[in-house]
Amino acid sequence: MDKVVKSEAEWRVQLSPEEFHVLRQAGTERPFTGEYVDTKTEGVYSCRACGAELFRSDAKFESHCGWPSFFEPSKSEAVTLIEDRSLGMARTEVRCARCDSHLGHVFHGEGYATPTDDRYCINSVSLRLEPGS
């Protein structure tokens, strides 16, 4: 996988202010506001910054947490996981492996009836859905 490396100025030109805030500054969109929270459309979810495939609709599930939830990435190398101790708690940040953009966080052991018991809690603004793929 070819890494995508751009300057902050290049990302600011490419991304909307909200996309930049979430993808490049590790922000979070407000819960229940993202375009993919409730979508049932089949397809592939790619990184909005670089286009890398991240998740597939067959791994999306209803967690009722306010953000799209997936039980696994489409490929194990699609994302990188980083320890996040911000906000006074220990979490695991999920980033795009290709461009290092912030996607959200992953949580394990919450008891969801999924094959992995993982919840990849991902910002809609970090994703682009390609229907039917």
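## Nonpolar core and salt bridges

Leu54 and Phe55 touch the most other members of the largest nonpolar core, which has 25 residues. Such a core is a set of buried Ala, Val, Leu, Ile, Met, Phe, Trp, Tyr and Cys residues joined through side-chain atoms within 4.5 Å. Two or more residues each come from α2 (17-25), β1 (43-47), β2 (53-56), β6 (91-96), β7 (102-108), β8 (118-122) and β9 (127-131); helices (H or I, at least four residues) and strands (E, at least two) are DSSP runs, numbered from the N terminus.

This is a predicted model, in which local features need pLDDT of at least 70, side-chain atom pairs count only at pLDDT 80 or more, and totals for chains, interfaces and linings use all residues. Residues are numbered from 1 along each chain as its sequence is written, and side-chain values use heavy atoms, without hydrogens and water.

The whole structure holds ten salt bridges, each a side-chain nitrogen of Lys or Arg within 4 Å of a carboxyl oxygen of Asp or Glu.

| Salt bridge | N to O distance |
|---|---|
| Lys40 and Glu62 | 2.7 Å |
| Glu53 and Arg56 | 3.1 Å |
| Arg95 and Glu93 | 3.1 Å |

Lys40 is exposed, at 63% relative accessible area, whereas Glu62 is partly exposed at 35%. Buried means under 20%, exposed over 50%, and partly exposed in between (1.4 Å probe, protein chains only).
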